[in-house]
Amino acid sequence: MEHEKEFTGPEAMLYSHKIIQLSKALWKTVEKDWQNWIKPFDLNINEHHILWIAHALGGASISEIAKYGVMHVSTAFNFSKKLEDRGLLTFSKKETDKRNTYVQLTPEGEALLLETIHAFDPEENGVFRASLPLQELYGKFPDLTDITAIVRRLYGDNFMDIFAETSKMITEEAGRRPEDDELSKEA
């Protein structure tokens, strides 16, 4: 599907420049926020992301982790191996698919992932704090529709489905407190 050129070279360059600069500046803060959030759990960003993806998919192949985690296959494999060494993931092959390696969260991996979700502190998150004035002004947080549309065009519907699944998980789990689970076990 070709589009007629409705822009000039300088307009395209300026748009690309804005995306580059804003994305890099935003990522710097996102990366710092994310690292600080998961540091107490002895996880790095790739490991945490792998746990989320494996949870969202109910187990995943290394190539799926690479695709949805936006990382190289070797990165997905190496960090998954470290998680396996810690007892947070298991590796397996399927009878019908010996070529791909699959990972599954262990109960310890599931518990750690949920613990990280419950440990999130908005006061410690720079991007969240920077968004508060918009939330106060408009009564809601930015919905990121334009960015979502761009990412959908770049990575496809399946990528956005996983994004929706992890978002759903956060919505469901973040509202629950670990002590609520303990109380329901006692009842």
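Colleague: What are the ground rules for the model?

Modeller: The model is predicted, so local features need pLDDT of at least 70 and side-chain atom pairs count only at pLDDT 80 or more, while totals for chains, interfaces and linings use all residues. Residues are numbered from 1 along each chain as its sequence is written, and side-chain values use heavy atoms, with hydrogens and water left out.

Colleague: How many helices and strands are in the protein chain, and how do you know where they are?

Modeller: The protein chain has nine helices and three strands. From the N terminus on, the order is α-α-β-α-α-β-β-α-α-α-α-α. The C-alpha trace spans about 60 × 45 × 25 Å along its principal axes.

Colleague: What share of the protein chain counts as buried, and what makes a residue buried?

Modeller: Of the 187 residues, 28% count as buried. Buried means under 20% relative accessible area, exposed means over 50%, and partly exposed is in between, with a 1.4 Å probe and protein chains only. The areas come from the Shrake-Rupley method with a 1.4 Å probe, and for residues only the protein chains shown count as cover.

Colleague: Why is aspartate 143 called exposed?

Modeller: Aspartate 143 has a relative accessible area of 51%, and exposed means over 50%. Therefore aspartate 143 is exposed.

Colleague: What makes the contact of aspartate 143 and lysine 140 a salt bridge?

Modeller: A salt bridge is a side-chain nitrogen of Lys or Arg within 4 Å of a carboxyl oxygen of Asp or Glu. The side chains of aspartate 143 and lysine 140 meet at 3.4 Å, N to O, so the pair qualifies. Lysine 140 has 45% relative accessibility and therefore counts as partly exposed.

Colleague: How many salt bridges does a search of the whole structure find?

Modeller: The search finds three. One of the pairs is glutamate 84 with lysine 81, at 2.7 Å, N to O. Both residues lie in helix α4, three residues apart, about one turn of the helix. Glutamate 84 is partly exposed at 25%, and lysine 81 is partly exposed at 33%. Aspartate 157 also forms a salt bridge, with arginine 152, the closest N and O atoms being 2.9 Å apart. Here the relative accessible areas are 47% for aspartate 157 and 36% for arginine 152, so both count as partly exposed.

Colleague: Which residues make the nonpolar surface patch, and how do you know that they belong to a patch?

Modeller: Tyr15, Ile19, Val70, Ile150, Leu154 and Tyr155 make a patch of about 580 Å². Patches are made of residues with over 30% relative accessible area and no salt bridge; like charges are joined within 9 Å, and nonpolar side chains (Val, Leu, Ile, Met, Phe, Trp, Tyr) within 5 Å. Elements that give two or more residues to the patch are α1 (9-38) and α7 (145-155). The largest share, three residues, comes from α7. Tyrosine 155 lies in helix α7, and its 39% relative accessibility makes it partly exposed.

Colleague: How much space lies in the largest pocket, and what makes it a pocket?

Modeller: The largest pocket holds about 2,400 Å³. On a 1 Å grid over the protein atoms alone, a pocket is an open set of points with protein on both sides within 12 Å along at least five of seven lines; lining residues have an atom within 4 Å of a point. Of the 47 lining residues, the closest to the centre are Leu26, Val30, Val127, Leu144 and Phe163. α1 gives the most to the lining, with 11 residues.

Colleague: Where does leucine 144 lie?

Modeller: Leucine 144 lies in the loop between α6 and α7. Leucine 144 has a positive phi of about 60 degrees although it is not a glycine. At 48% relative accessibility, leucine 144 counts as partly exposed.

Definitions and conventions. Helices (H or I, at least four residues) and strands (E, at least two) are DSSP runs, numbered from the N terminus. On a 1 Å grid over the protein atoms alone, a cavity is a set of points where a 1.4 Å probe fits but cannot get out, and a pocket is an open set with protein on both sides within 12 Å along at least five of seven lines; lining residues have an atom within 4 Å of a point. Grid points are joined across faces, edges and corners, and a volume is the space filled by probe spheres set on the points.
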